[in-house]
Amino acid sequence: MNNGSITNITKVEPWKGFKDFVVKKKVMENDDIFSLYLEPSDGSKVALPKAGQFIGIKIKTEDEAMKKVIRMYSLSMKPNEDYYRVSIKVVEGGKMTNYLLNNINEGDVLEVTAPKGAFALNKEKTDKPLVLLGGGIGVTPVLSMLYDVVGTREDIHFVYSLRNMKAECFLEDIKKYKNEGLINGTIFFTRPLEGEVEGKDFDIKGRLTKEWIAENLPLNGDFYFCGNKGFTELVENSLLELGVEKENIHFEFF
């Protein structure tokens, strides 16, 4: 399992309804976020998603209350034909997130939909700079977009806003791409912890602002962003006020 390039793709048609997937790997990314690596239980390939899409997950159980619960989770990996990865933030009182955290282990089987969603990267639109912004766990779909195009074009801007290192999700990948000169990356910590150093652990203390966007991002770019409602509204309103065309603004909120 890696985020390397894809070759010799076997096209698998999306299935209707749900299909059995086995949890091949379960990883705690931090205290609040865990990832599930899912592969078809029949050994087949997966339907290739578009970067930014999500899958639906349902529990295989005799528990009447839980078997009716369906939740959608954004894919957080480079689109590939072998597996899906979802990275999930535990929500207090969240029925599905807590069940997946506490009751589902490697080797268990879940019911999974084919990839869905209109929030997806248009890879053919290469005449504009690509600007990806993620707020908190909302980074997952734009992270998938980053994995899909990093190294294939030079004009990628990536902005990640989160509380601090305890809330990070794949931050090391973003730093690696930034250090290698593959992206123009900026990391905001809204509430740094004691000992976390500006300029080392993160770039800017505080929240993303319209003024920062105006001064640091290419307003002629194609923007994709995801986060909570406050984050997405701030970015959308800022871009519109700064004159970015609606057709170049794409977002989803968690």
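**View 1. Strand 4 and the lining of the largest pocket.** Strand 4 gives the most to the lining of the largest pocket, with four residues. Helices (H or I, at least four residues) and strands (E, at least two) are DSSP runs, numbered from the N terminus. This is a predicted model, in which local features need pLDDT of at least 70 and side-chain atom pairs count only at pLDDT 80 or more, while totals for chains, interfaces and linings use all residues. Residues are numbered from 1 along each chain as its sequence is written, and side-chain values use heavy atoms, with hydrogens and water left out. The largest pocket is lined by 36 residues, and G135, I137, G138, N228 and F254 lie nearest its centre. Two or more lining residues come from each of strand 4 (70-74), strand 5 (84-89), helix 2 (95-103), strand 8 (156-162), helix 6 (229-241) and strand 12 (249-253).

**View 2. Space and residue classes in the largest pocket.** The space in this pocket is about 920 Å³. On a 1 Å grid over the protein atoms alone, a pocket is an open set of points where a 1.4 Å probe fits, with protein on both sides within 12 Å along at least five of seven lines; lining residues have an atom within 4 Å of a point. Grid points are joined across faces, edges and corners, and a volume is the space filled by probe spheres set on the points. The lining has 15 nonpolar, 13 polar and eight charged residues. Here Ala, Val, Leu, Ile, Met, Phe, Trp, Tyr, Cys and Pro count as nonpolar, Asp, Glu, Lys and Arg as charged, and the others, Gly among them, as polar.

View 3. The strands follow the order 4-3-6-1-2-5, with antiparallel pairing. Strand 4 and strand 5 stand at the edges with a single partner strand each, so one side of each has no neighbour in the sheet. On average, neighbouring strands of this sheet are turned by 40 degrees against each other, direction ignored. Axes are lines fitted to C-alpha atoms, for helices over the stretch in contact, and angles run from 0 to 180 degrees between N-to-C directions.

**View 4. Bridges within the sheet.** Two strands pair if DSSP finds at least two bridges between them. Seven bridges join strand 1 (residues 19-28) to strand 2 (residues 33-40) in the antiparallel sense, and K25 stands opposite Y37 in strand 2. Strand 1 also runs antiparallel to strand 6 (residues 109-112), over four bridges; there K19 stands opposite V112. Between strand 3 (residues 54-59) and strand 6 there are three bridges, and I57 has V112 as its bridge partner in strand 6.

View 5. Eleven of the eleven residues of helix 3 are buried, so the helix is largely enclosed by the rest of the structure. Buried means under 20% relative accessible area, exposed over 50%, and partly exposed in between (1.4 Å probe, protein chains only). The buried residues pack against elements including strand 7 (130-135), helix 4 (171-179) and strand 11 (222-227). D148 lies in this helix, which spans residues 139-149, and has a relative accessible area of 10%. Leaving aside neighbours within four places in sequence, D148 is in contact (heavy atoms within 4.5 Å) with A51, K78, P79 and K123. Just after helix 3, G151 takes a positive phi of about 90 degrees.

**View 6. E236 in helix 6.** E236 is found in helix 6 and is partly exposed, at 23% relative accessibility. Leaving aside neighbours within four places in sequence, E236 is in contact with F225 and F251.
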